[in-house]
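Subject: Structure handover

Hello,

Here is the structure you will be working with. Please open it next to this email, as the notes below refer to residues by number.

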Amino acid sequence: MYLGDVLEMSLQAILANRLRSMLTLVGIIAGVASIIAVMTGISVIQGAMEREMSVLGVQTFQVQKWPAGGFGGEAARRKAMRRPPLTLENARAIRDQVTSVDLVGSEIWDFGYVVSYKGQSTNPNISICGGTPEYPQNNTHYVGLGRNLSQMDVQASRYVAVIGWAIAQKLFPFIDPIGKEIRLDGRKYEVVGVFDEKKSAFGGNFDNYVLIPVSTFVDVYGLVDRNGFGRSVNITVRAETPELIHDAMEETRQVLRHVRGLKPQEEDNFEFFSSQSLITQFNQVSLGVKIGAFVIGTIALVVAGIGIMNIMLVAVTERTREIGIRKALGARSRSVLLQFLLEAVVLCNIGGVFGVVVGFGLGNLVSVFTKFDANVPLEWAVIGLLFCSAVGIAFGLLPAMRAARLDPIEALRYE
């Protein structure tokens, strides 16, 4: 008997018992859908996170006082607070002594300010960044209108500003903002540029900040914040090529350890992070969720497999005379085994296909209620169907072997 004939007979047997087959499929659909839904949801979130965390270029990293991924406990928080702040002199040392970098920028941030123009004001949620001309390149947020800060702006501590796209839309909806005077925290600044729009899927404030010269920031706000803590400089460093980023980080580490007076046995009192390190950190966190979903889905599939085995055993009993007739007419045990085994595998994969479709739909509900882009991780669809085939083989083998081993004479006597 050909494989096609065996497959056709298996499909006919499944269609002949539609209600029983449908009830059997419920467990398979639930198991596969639970796995695919979670993996799809994580893929949607992961795609959005990777775009959000790619604020630094592939060859750029940042040095800062605070851990990028959170403190990891009260002890770690106190330890980070005891670190001395990074300074503009530290940034200058990196610029002068690290040979594998081409751009070194400095940033000092403060939050919760108002920008106004001729009686129109923003909400008090504007961030101020005291920065250097390297800011747009190192943060991949470029100036779309007007110009960037210049080195002369920094040297002369000029009161000039590059404003975010959302601020320009709020204060200058119908006019060119370049050359206009805004009030930032009550002080006048000339608008010299506007950043391109940079939307955030998480509602971040990529478009709600003002960039002013770092020297102006220090003159106005000093190096101590409103809570009495010393302000730490975030230093952005771009390696000459993506391949040199690890060398640049190591050179930067050695320079900073020297200028900050660290002894060989002392650990670093600063942190590195890059877009790739943040993405890797997120993937490590999501790995536990993926494993949990896979375990839960596997348990559901095993339970469904046990149900399939029971149904197939019932089917063998019901079709005992049919098996006897086929064997009496010359059918081989191998053909009978293959038929029942294929029946179990096909049944599982039908459920698997429905489970994949349902899982993709449920997983992409995340994108319906957020600004995330939908995602269809096809590799998990393949994994899900392969797993269904394995379940069908594993739990269909016993009924198939029982059917193949039936004695034709005894089977023909069965009532």
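Which residue follows helix 11 with a positive phi? It is G330, and its phi is near 110°. Helices here are DSSP runs of H or I with at least four residues, strands are runs of E with at least two, and both are numbered from the N terminus.

Before the rest, some conditions. This is a predicted model, in which local features need pLDDT of at least 70 and side-chain atom pairs count only at pLDDT 80 or more, while totals for chains, interfaces and linings use all residues. Residues are numbered from 1 along each chain as its sequence is written, and side-chain values use heavy atoms, with hydrogens and water left out.

The whole protein

The protein has 15 helices and 12 strands. Of its 415 residues, 46% are buried, where buried means under 20% relative accessible area, exposed means over 50%, and partly exposed is in between (1.4 Å probe, protein chains only).

Helix 11 and helix 12

Helix 11 covers residues 320–328 and helix 12 covers residues 333–363. Their axes come within 10 Å and cross at roughly 145°; axes are lines fitted to C-alpha atoms, for helices over the stretch in contact, and angles run from 0 to 180 degrees between N-to-C directions. On the helix 11 side, E322, I323, R326 and K327 meet S333, S335, V336, Q339 and F340 of helix 12. Contact means heavy atoms within 4.5 Å.

In helix 11 the buried residues are T320, I323, G324, R326 and K327. Seen down the axis of helix 11, these buried residues fall within an arc of 165°, so they line one face of the helix. The arc is that of the directions from the helix axis to the C-beta atoms.

Helix 8

Helix 8 (residues 214–221) is mostly covered, with six of its eight residues buried. These are V214, S215, T216, F217, V220 and Y221. The elements they pack against include helix 4 (88–97), strand 2 (101–113) and strand 10 (209–213). Just after helix 8 comes G222, with a positive phi of about 75°.

S116

S116 belongs to strand 3 (residues 115–117). Is S116 buried or exposed? S116 is buried, because its relative accessible area is 19%. Setting aside neighbours within four places in sequence, S116 is in contact with S121, L171, I182 and R183.

Regards
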